[in-house]
Amino acid sequence: MRILADQNIPLVDEFFGELGEIRRLPGREIDAQAVAGCDILLVRSITRVDAALLAGSPVRFVGTCTIGTDHIDLDYLHERRIGFASAPGCNADSVVDYVLSSLSMLAEEQDCRLDRCTIGIVGAGNVGGRLWRRLAELGARCLVCDPPRALAENRDDFVDLDAILGEADIICLHTPLVTTGDHPTRHLLDAARIAALRPGTVLLNAGRGDCLDGRALRERLAEHGDLYTVIDVWEHEPAIDEALYSLVDIATPHIAGYSLDGKMRGTELVYQAIMRHFGLPARRKLGQLKPEPWLRKLMLNGWAPPGEALSLCVRACYDVRRDMVGFERYRRRLGMAQAFDRYRGEYPVRREFSTLRVDLKKNNNDLREALERFGFKVRLANKQ
């Protein structure tokens, strides 16, 4: 079989090499001409897969190694009997790590503690649900909004969006892009809701760019400058609004889910689906192929201050400022749109919090619990 893959998908040779010939291209260069000679197409979120791409091609299976599917015309694939798989949940922990790193940085700057904040989570799927669990275990008060889930599961512990806007110190958006039905999410935070945000609110979007009215946010920040903002997903990517970019506190190019661990899980999930589709045995497992992290463990004394020790471990594993500075360096050299894709294509290796083990030389319940709630592995140094 002939396989065409986005060049940003890891372990393609290791998982798919036995199936046939592999060709790689940048995601935005995958076009009708490129797919004209392939049987399997592997993409990430920036390649639009629809009739314009696939009509007349021999493609028999499409896999997106990502959580979202709004870039895939699922109806067209079904009509053409083209197999399909996505990778739900593959990079959810990566996005949660990004959120916690960003919020930790802002908390340090503002001299506040996350466990004393009210945090609104909009969208309680793979990402929002995991973020909710980690923050709740940390002791933060969480308000969760997810109307489709609330309706389907008859939940009474969810709140509406306006309640979050009125009460939350921090608002995290983790919704998919939905343009039809009873609960559309395009411009879910529209001009009116952005204007209603309380001064000092932290607004973080690591879901979908179109769920937030970028123009309205830009005008609020330009006029008042009274919000703290973390934006990883943008309208009109990669040609994002440079005026908005210049006003945001933490601005990154859609890399919240870009940990190596999340990408590798996505590859494995799609590999398993392809082997099932073609009736072949799945001989490859991620545990056999995953490289060791270069930072495997840290050792702390038990009397380390929990807040400072937690910040140290977060920064050691993933400091969001690396991506802020790196993206800005690319932007100055290449311009916004080209920098957006180039930084993603050349993204430095990043591992998840769960890959770092923290050894405590003496037990400290507060420190141990704080580290574990953020996702780190903790072991007493005198125990094997």
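**The annotated site and its setting**

A: Asp232 lies in the loop between β10 (228-231) and α11 (242-247); helices (H or I, at least four residues) and strands (E, at least two) are DSSP runs, numbered from the N terminus. The model is a predicted one, in which local features need pLDDT of at least 70 and side-chain atom pairs count only at pLDDT 80 or more, while totals for chains, interfaces and linings use all residues. Residues are numbered from 1 along each chain as its sequence is written, and side-chain values use heavy atoms, with hydrogens and water left out.

Asp232 counts as buried because its relative accessibility is 1%; buried means under 20% relative accessible area, exposed over 50%, and partly exposed in between (1.4 Å probe, protein chains only). Apart from neighbours within four places in sequence, Asp232 is in contact with Tyr98, Asn205, Glu237, Thr252, Pro253, His254, Ile255 and Ala256, where contact means heavy atoms within 4.5 Å. With one of these residues, Thr252, there is a side-chain to side-chain polar contact of 2.6 Å. A polar contact is a pair of N or O atoms within 3.5 Å; within protein, one must be able to donate a hydrogen and the other to accept it, and residues adjacent in sequence count only if both atoms are side-chain atoms.

Gly257 is found in the loop between β11 (250-251) and α12 (260-277). Gly257 is buried, since its relative accessible area is 9%. Residues up to four places away in sequence aside, Gly257 touches Asn91, Ser94 and Val95.

The cysteines may be considered next. A disulfide is a pair of cysteine sulfur atoms within 2.5 Å, and by this rule the count is zero. For Cys65, the nearest cysteine sulfur is that of Cys90, 7.6 Å away; Cys65 is buried at 1% relative accessibility. For Cys172, the nearest cysteine sulfur belongs to Cys142 and is 8.8 Å away; Cys172 is buried at 0%.

In the whole protein there are 17 helices and 14 strands, and 52% of the 384 residues count as buried. Among contacts with a separation of 6 or more, residues 24 or more positions apart account for 62%. The radius of gyration is 21 Å, which agrees with the value near 21 Å for a compact globule of 384 residues; this quantity is taken over C-alpha atoms, and the globule rule is 2.2 Å times the number of residues to the power 0.38. The C-alpha trace spans about 60 × 55 × 50 Å along its principal axes.

The unreviewed UniProt entry also places "domain: Erythronate-4-phosphate dehydrogenase dimerisation" at residues 291-368. That stretch is 53% helix and 10% strand, with its end C-alpha atoms 27 Å apart. Arg379 lies in strand β14 (residues 377-380) and is partly exposed at 23% relative accessibility.

Methods: UniProt positions are given in the numbering used here, feature names are shortened, and annotations may be inferred rather than shown by experiment.
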